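What follows is a walk through one protein chain, taken a few elements at a time. Please keep the sequence and the structure in view while reading.

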Amino acid sequence: MSVQSAVRRKTAPDIRARKKGEPIVMLTSYHAHTAALVDRHCDVILVGDSLGNVMHGFETTVPVTLDMMILQGSAVMRGSKQALVVVDMPFGSYEASKEQAFHSAVRILKETQCGAVKLEGGERLTETVAFLSQRGVPVMGHIGLTPQSINTLGSFRAQGRDEGSWEPILRDAQAVSDAGAFSVVIEAVAEPLARKITETIAIPTIGIGASAACDGQVLVLEDMLGLSPRTPRFVRRYGDLGPAIETAIKGYADDVRSRAFPGAEHVYEMKKS
């Protein structure tokens, strides 16, 4: 007899159906405990390769490996119940060929049991997105500023800020949509361009540094909680947890050094005979 969860987890088709509907709420998470918190309020949890910056202190996402993504994706799945969990495909795990992308995506889906993968790129990955989608792999696209391409781009700068540069980004968005992606992240793109893309393509757009007109929004959890030392212009801080955490750590350290902790209530007495 099969055992079904009382809570139905959202799927890629559920998110696809939200085009021009209620805005899609998406945040990143890399741990089971934060996933449980995010899960109560968000439609989608992204296990982003930004974990390279947030967890490991890398300057870019380029060093992140497939094994790292699978490890954290599994943790997020254990901590969440209702949100669609999307796992980033890291740099080097899908660019060589559509077959390489399929094998990497299958590992992610099988080993994490997540509901979808995300990959960066537009027109150049049309064949790959179609190949995956046709073989049962739900794909979220990612266009505009693509952090995995930082060594080619040279810097993390906004895209499409002059109208003459719009055409390639518009083509990227349309190509990802036509190839079968169920949604697409638009990162660090001028507001009018993000708005135009959202009005033009058939799948939901999820903005990060884009436009309120997008079908949804995503932020890195640590950025919006005030845990990141530097945040992009497009981040609104909904908390300032960094100083609060440091205050707690200092209080602990002071109490240990003064022997105020542990107190009598924190230690175990001998059993009474």
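A residue is called buried when its relative accessible area is under 20%, exposed when that area is over 50%, and partly exposed in between. The model shown here is a predicted one.

Asp43 has a relative accessible area of 10%, and so it is buried. Its side chain forms a salt bridge with Lys10, with 4.0 Å between the closest N and O atoms. Asp43 sits in the loop between α2 and β2, while Lys10 belongs to the segment before α1 (12-16); the two are 33 residues apart, so the pair links distant parts of the chain. Lys10 has a relative accessibility of 22%, and therefore counts as partly exposed.

Strand β1 covers residues 24-28, and four of its five residues are buried. Together with helix α2 (residues 32-39), β1 and β2 make a β-α-β unit that is right-handed. Strand β8 (residues 216-219) also pairs with β1 in the parallel sense, here over four bridges. In that pairing Leu27 stands opposite Leu219. As a general point, side chains in a regular strand alternate between the two faces of the sheet.

Next comes the salt bridge between Lys118 and Asp88, whose side chains meet at 2.8 Å, N to O. Lys118 lies in strand β4 (residues 116-118) and Asp88 in strand β3, so this pair ties together parts that are 30 residues apart in sequence. What is the relative accessible area of Lys118? For Lys118 the value is 2%, which means that the residue is buried. Asp88, at 3% relative accessibility, is likewise counted as buried. Elsewhere, salt bridges with shared partners join Lys10, Arg18 and Asp43 into one network.

The loop between β3 (84-88) and α5 (98-112) contains Ser93. With a relative accessible area of 5%, Ser93 is buried. Once its neighbours within four places in sequence are left aside, the residues in contact with Ser93 are Leu66, Gln100, Ala101 and Ser104.

A further salt bridge joins Asp67 to Arg107, with 2.9 Å between the closest N and O atoms. Asp67 is part of helix α4 (residues 66-79) and Arg107 is part of helix α5, so the bridge ties together parts 40 residues apart in sequence. Asp67 is partly exposed, with a relative accessible area of 49%, and Arg107 is partly exposed at 30%. Over the whole structure, a search finds 13 salt bridges.

The last stop is helix α9, which spans residues 191-200 and has Leu193, Ala194, Ile197 and Thr198 as its buried residues. Seen down the helix axis, these buried residues fall within an arc of 135°, so they line one face of α9. What covers the buried residues of α9? The cover includes the strands β5 (139-144), β6 (183-187) and β7 (205-208), along with helix α8 (166-179).

How values were computed: Residues numbered from 1 in each chain as written. Predicted model: local features only at pLDDT ≥ 70, side-chain atom pairs only at ≥ 80, totals over all residues. Heavy atoms only, no water. Buried < 20%, exposed > 50% of the residue type's maximum accessible area, 1.4 Å probe, protein only. Arc of directions from axis to C-beta. Contact = heavy atoms within 4.5 Å. Pairing = 2+ DSSP bridges. Right-handed = clockwise from strand over helix to strand, strands pointing away.
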